[in-house]
Amino acid sequence: MAQITTLSAAVKAAVKDGDVVALEGFTHLIPHAAGHEIIRQGRKHLTLIRMTPDLIYDQMIGMGCVDKLIFSWGGNPGVGSLHRFREAIEQGWPNKIEIEEHSHAAMANAYEAGAAGLPLAVFRGYIGTDLPKVNPKIKSIVCPFTGEKLAAIPSHRPDVAVIHAQRADRKGNVMIEGVLGVQKEAVLASKRQVVTVEEIVDELPERSLNAVVLPHWTVSHVVEVPGGAFPSYAQGYYPRNNSFYKQWDDIARERDTFHKWMKDNVLDKGPEAFAQYARKRAK
Amino acid sequence: MADYKPNEMMTIAAARALKNDDVCFVGIGQPSAACNLARLTHAPDITLIYESGTLATKPNVLPLSIGDGELCETALTTVSVPEMFRYWLQGGRIKVGFLGGAQIDKYANLNTTVVGPYDKPKVRLPGGGGAPEIATSCGEIFIIMAQGKRGFVDKLDFFTSIGHVTGGDSRQKLGVKTKGPTRLITDLALFEPDPETKEMIVTAMHPGVTRDQIQENTGWQVRFAAQVAETAPPTGQELEVLREIQARTARAHAAA
């Protein structure tokens, strides 16, 4: 049953040291404000799952929250490297991180299998690649009907899923629109869920009969954090700040500029700082 | 003939490879520029699909990321990422996959994972993303990459996604039924697979490019087809449309 609460209380209740946590959002609706709260609360030894680690995992890795990363594409899209992610892997700074590397197809299948309550995901993938040589979790299975050899990996069953969405109602029913990514699957695959939203409304707006709605009894914590996806975006509210994604390249390149930015914008701030980025577009 | 840069020739040559009835899975960056140039010139009805789930999208500016709002707003529909990879890609509904990479070898296998050893990489690259399954599930693959000895290597540091593997019928022997890379478009030339050996050989050179220039920018001994054509130079219209969309994109990304 969804509890409507503050971000600080939600993270405190849902995310523990050593947890397996998936902050999801495929370019769209990336839960930056929630990630910042996890950093502020000083969570350690996390195993983070995410298809595209993006800026938020660059920040969490650089701040030393992470022991292990399960991912499929670790870059700053259209810009270049994630410097903190790279330095952790190449130099072990601020700590060595273990990586479990997959393809997008594998990650998407693993979330879906987790949501379906299955122990593994089966798909046609990884053929001829070197990834199975470096990731012992990539195995194969033979179809009992056709004899075809297929890829198999364990399903994702995170302790916590953290997502951002456009709206929730006062019961905590959550509605998502636009690029959906794997958030529905991540929520249904996990034990606990933190959902930040642009706004909590009396009633969800008029919608398609097939709109993506997560019922309130599938999410544990719902928090209103306007602007909480910035510099990612919330369709219908504010666009992706591509200019900030480009600026991040310089901010994160060196340890001291990174730390200064994190202190000024994360450690010394709270979730209300995100409100300045929220603006609802006139329909 | 208008003045143009080698990079513009590459994007234009790549765009020309696409047909109006193609269904194309688009990678970000160079592939996205080429696919949208095709859509805005000779292939207005081409179906462009991005792995963020956007089906038949018609962006007015080039997306910086694979899931920019622009892609969703101009799409016929947007599906979830698991659906995209399961029903649409794995289901065999995509005709052409358009990829780039950091390293390529003569059989058009790609590396986007690491330079140096995996456990102690010299450069940690972003990784495979959608490429490992795009490379085997799409009907055929086009690759766009600017040439240079760092990227065009004799031996890959890591096999992220396969092309023609070790040549000949090695791809089919892995149980893959799709064609694999049929075109490699660079800033200097067009490579296509030799029908027997499957090595990528030069079948056309861009205007003014020499064989020595191609060899100097390739880490393996380049083979040339018996008949090497010359790529038609960019037309005024192609250059104009490409430059306009790039200018619109630069303005949009600076403003956001």
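The secondary structure of chain A comprises 9 helices and 15 strands. Helices (H or I, at least four residues) and strands (E, at least two) are DSSP runs, numbered from the N terminus. The model is predicted: local features need pLDDT of at least 70, side-chain atom pairs count only at pLDDT 80 or more, and totals for chains, interfaces and linings use all residues. Residues are numbered from 1 along each chain as its sequence is written, while chains are lettered from A and ligands numbered from 1 in the order in which they are written.

The overall dimensions of chain A were examined next. Along the principal axes, its C-alpha atoms fill a box of roughly 55 × 50 × 35 Å. The radius of gyration of chain A is 19 Å, which agrees with the value near 19 Å for a compact globule of 283 residues. This radius is taken over C-alpha atoms, and the globule rule is 2.2 Å times the number of residues to the power 0.38. Of the 283 residues in chain A, 55% are buried. A residue is buried if 20 or more other C-beta atoms lie within 10 Å of its own, exposed if 12 or fewer, and partly exposed in between, with C-beta atoms placed from the backbone. Among contacts in chain A between residues at least 6 apart in sequence, 77% join residues at least 24 apart. Two residues are in contact if their C-beta atoms, placed from the backbone, lie within 7 Å.

Chain A is assigned domain 1 (3-101 + 158-271) and domain 2 (104-154). These bounds come from an automatic or database domain assignment. The C-alpha centres of the two domains of chain A lie 26 Å apart. Domain 1 of chain A brings 10 residues to the contact, and domain 2 of chain A brings 12 residues. On the domain 1 side, β7 (98-101) and α7 (183-189) of chain A are the elements that give two or more residues. The largest share of that side, 4 residues, comes from α7(A). Its residues divide into 6 nonpolar, 1 polar and 3 charged. Here Ala, Val, Leu, Ile, Met, Phe, Trp, Tyr, Cys and Pro count as nonpolar, Asp, Glu, Lys and Arg as charged, and the others, Gly among them, as polar.

Strand β10(A) has two antiparallel partners. Strand β8 (residues 120-123) of chain A is joined to β10(A) by 4 bridges, in the antiparallel sense. Within this pair, A:Ala121 has A:Ile153 as its bridge partner. Strand β9 (residues 139-142) of chain A also runs antiparallel to β10(A), over 4 bridges. There, A:Ser140 is bridged to A:Ala151. Two strands pair if DSSP finds at least two bridges between them. β9(A) and β10(A) form a hairpin with 6 residues between them, and A:Gly147 in the turn has a positive phi of about 80 degrees.

A:Arg157 lies in the loop between β10 (149-154) and β11 (160-169) of chain A. With 19 C-beta neighbours inside 10 Å, A:Arg157 counts as partly exposed. Leaving out residues up to four places away in sequence, A:Arg157 touches A:Gly114 and A:Ala189. A:Pro53 is 104 residues from A:Arg157 in sequence, and their C-alpha atoms are 18 Å apart.

The largest nonpolar core has 157 residues, of which A:Met60, B:Cys24 and B:Phe98 touch the most other members. Helix α5 (residues 104-115) of chain A supplies the largest share, 8 residues. Domain 1 and domain 2 of chain A both give residues to this core, so it lies between them. A nonpolar core is a set of buried Ala, Val, Leu, Ile, Met, Phe, Trp, Tyr and Cys residues joined through C-beta atoms within 7 Å. Beyond its neighbours within four places in sequence, B:Cys24 contacts several residues, including B:Leu18, B:Cys35, B:Ile46 and B:Phe98.

B:Phe98 also stands opposite B:Phe142 in β10(B). Strand β5 (residues 96-99) of chain B runs parallel to β10(B), with 4 bridges joining them. A further 4 bridges pair β10(B) in the parallel sense with strand β11 (residues 181-185) of chain B. In that pair, B:Ile144 stands opposite B:Ile185. Strand β10 (residues 140-144) of chain B is mostly covered, with 4 of its 5 residues buried.

Between the chains, 44 residues of chain B are in contact with 45 residues of chain A. On the chain B side, α3 (69-73), α4 (81-90), α5 (131-137) and α8 (236-255) each supply at least two residues. α4(B) gives the most, with 6 residues. The residues of this side divide into 20 nonpolar, 19 polar and 5 charged.
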